[in-house]
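The following paragraphs are a guided reading of the structure shown below. Please keep the sequence and the structure at hand while reading.

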There are 2 protein chains.
Amino acid sequence: MTQVAAPKASRRTPADKHDERRKALAESALRTLGELGYARASLREIANNSEFSHGVVHYYFNDKLELIVYCVRYYKETCVHRYDGVVAEATSPTDLAERFGDKLVETIVEEAPMHRLWYDLRSQSMFEETLREAVTQIDQSLEDMIARIVDRYATLAGAEPALAAPVAYGMFDGIFQQALLGHLNGREGALEDLRAQVVGLMPMLLTQPGAMR
Amino acid sequence: MTQVAAPKASRRTPADKHDERRKALAESALRTLGELGYARASLREIANNSEFSHGVVHYYFNDKLELIVYCVRYYKETCVHRYDGVVAEATSPTDLAERFGDKLVETIVEEAPMHRLWYDLRSQSMFEETLREAVTQIDQSLEDMIARIVDRYATLAGAEPALAAPVAYGMFDGIFQQALLGHLNGREGALEDLRAQVVGLMPMLLTQPGAMR
DNA sequence: CGCGAATCTTGACGAGTGTCAAGAGTTTTC
DNA sequence: GAAAACTCTTGACACTCGTCAAGATTCGCG
């Protein structure tokens, strides 16, 4: 990934072992963070649920905040490409909408703790200025992700997107958040509702022709 | 409010003085909570920014959590009727949409700390089960509020709402949250964008006729 | 092997937390 | 006006937190 000048024939020992350890620590920390949230997850608890001791955190990160930001960034990196397959494989507008809905439901089922962690962090960024830059960047990448989906949908339908990317992102993020809340509350039908809402909403993102089949 | 049997001629001394104090404490606490958020606002800090001492909290509330839930409930109570005037006074669909957008912008400008506190609490409820009941109730009342607006809008336009209340609420909540984030980030145009987005979105909430003038 | 640099553990420090009990102060009631 | 009930303050307790320093352990290279 990073440009390796390789001063000697050292394959992977100089400083990217450092990076590997950071990632390992992050993956471990993400479990605890997803379970407890930003405020309640102490460094000791994070370390206990990992193979490390609580002091090692300050060897790889300056700060608790730096660790957490690193973790969320690390997770969201894989997150923005979740729908790339959907965009690539969809054969029709309806097909795209359905695959998109399915994927949204799937990620709530499988990664609910990660998503609530993200919303936690984003809320904290409203109070903690230190977090804002990272949150803004992640939010932007998510908006781009949605924009790719909407664009592809419009192309498949032979139409133009009717809404700017920020609006589309805000909308989907809003109903996604509601579905996540409902799911965590154990509300029956929360996920089916999300799927249906997405499929029903997609046609409205296009100009004139409306739903095209 | 509560049924007053009034055992003697006591006007307002028995137990509603208790309630008044709770409200006074809540109003004071809301300032600190809006500034620091749920996790960082300690009871001592809350008490310092009020006329009380830190011990008095446990005289009126069992718990820090009970205080905070009471506070947010208390605030949101006044919040759900913010748009009643808009609904009552609007003379046309466009008029309603514009007034609605204006009000949304206005409340971000004037009560941003309260709104971020709400989002903070809602995020925490994803981790803390104790909070879920209150959050669910508040969310429902907000959804109803949006539903009243959409219904009135549809009536004025002589059409039927095209989206179920949960979707409409999720959408508006999503773009509102983005606008709040943008505003707190100091992003220029965040509020004007919100206003335009709302005005542009409203016609999509109706069936066939689309935007009616 | 042996030495130095890296990685990691352990234990402690100080600050801050929610909670509560004991009592002072105030108001109400008889 | 005394007694009882209510209201509030003060100070302490037990605990958890992030941080860091000092030392143990491991690793890589000459």
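A residue is called buried if 20 or more other C-beta atoms lie within 10 Å of its own, exposed if 12 or fewer do, and partly exposed in between, with the C-beta atoms placed from the backbone. This is a predicted model, in which local features need pLDDT of at least 70 and side-chain atom pairs count only at pLDDT 80 or more, while totals for chains, interfaces and linings use all residues. Residues are numbered from 1 along each chain as its sequence is written, and chains are lettered from A and ligands numbered from 1 in the order in which they are written.

Chain A has nine helices and zero strands; here helices (H or I, at least four residues) and strands (E, at least two) are DSSP runs, numbered from the N terminus. The C-alpha trace of chain A spans about 60 × 45 × 30 Å along its principal axes. Two residues are in contact if their C-beta atoms, placed from the backbone, lie within 7 Å. Among the contacts in chain A with a separation of 6 or more, 65% are between residues 24 or more positions apart.

The expected span of a helix is 1.5 Å times one less than its number of residues. In helix 6 of chain A there is a kink of about 95° at Glu111(A), shortly before the proline Pro113(A). The bend at a residue is the angle between axes fitted to the seven residues ending there and the seven starting there.

Helix 7 of chain B can be read with the same definition of span. With 26 residues, helix 7 of chain B reaches 37 Å from its first C-alpha to its last, close to the 38 Å expected at 1.5 Å a residue. Its buried residues include Ala134(B), Ile138(B), Asp139(B), Glu143(B), Ile146(B) and Tyr153(B). The buried residues of helix 7 of chain B pack against helix 4 (64-79), helix 5 (84-89), helix 6 and helix 8 of chain B. Leu142(B) also has its place in helix 7 of chain B, but Leu142(B) counts as partly exposed because it has 17 C-beta neighbours inside 10 Å. Leaving aside neighbours within four places in sequence, Leu142(B) is in contact with Val80(B) and Tyr169(B). Just after helix 7 of chain B, Gly158(B) takes a positive phi of about 65°.

Further along chain B, Val198(B) is found in helix 9. Val198(B) counts as buried because it has 22 C-beta neighbours inside 10 Å. Not counting residues up to four places away in sequence, Val198(B) touches Ala97(B), Phe100(B), Gly101(B) and Leu104(B). Val198(B) and Leu104(B) are 94 residues apart along the chain, and their C-alpha atoms are separated by 9.1 Å.

How many residues does each chain bring to the contact between chain A and chain B? The contact takes 29 residues from chain B and 29 residues from chain A. On the side of chain B that touches chain A, two or more residues come from each of helix 1 (16-40), helix 6 (93-125), helix 7 (132-157), helix 8 (165-184) and helix 9 (190-201) of chain B. Helix 8 of chain B gives the most, with eleven residues. The residues on this side of chain B divide into 13 nonpolar, ten polar and six charged. Ala, Val, Leu, Ile, Met, Phe, Trp, Tyr, Cys and Pro count as nonpolar, Asp, Glu, Lys and Arg as charged, and the others, Gly among them, as polar.

A rotation of 180° with 0.0 Å of shift along its axis superposes chain B on chain A, with an RMSD of 0.0 Å. The two copies are therefore related as by a two-fold rotation axis. Copies are superposed by least squares on the C-alpha atoms of residues with pLDDT of at least 70 in both. The same surface serves both copies, as 100% of the contact residues of chain B recur in chain A.

A residue is near a molecule or strand if its C-beta atom, placed from the backbone, lies within 6 Å of it. DNA strand C is surrounded by 20 residues, of which the closest are Ser53(A), Gly55(A), Ser42(B), Leu43(B) and Lys64(B). Helix 1 (16-40) of chain A and helix 2 (43-48) of chain B give two or more residues to the surface near DNA strand C. DNA strand D is also surrounded by 20 residues, the closest being Ser42(A), Leu43(A), Gly55(A), Ser53(B) and Gly55(B).
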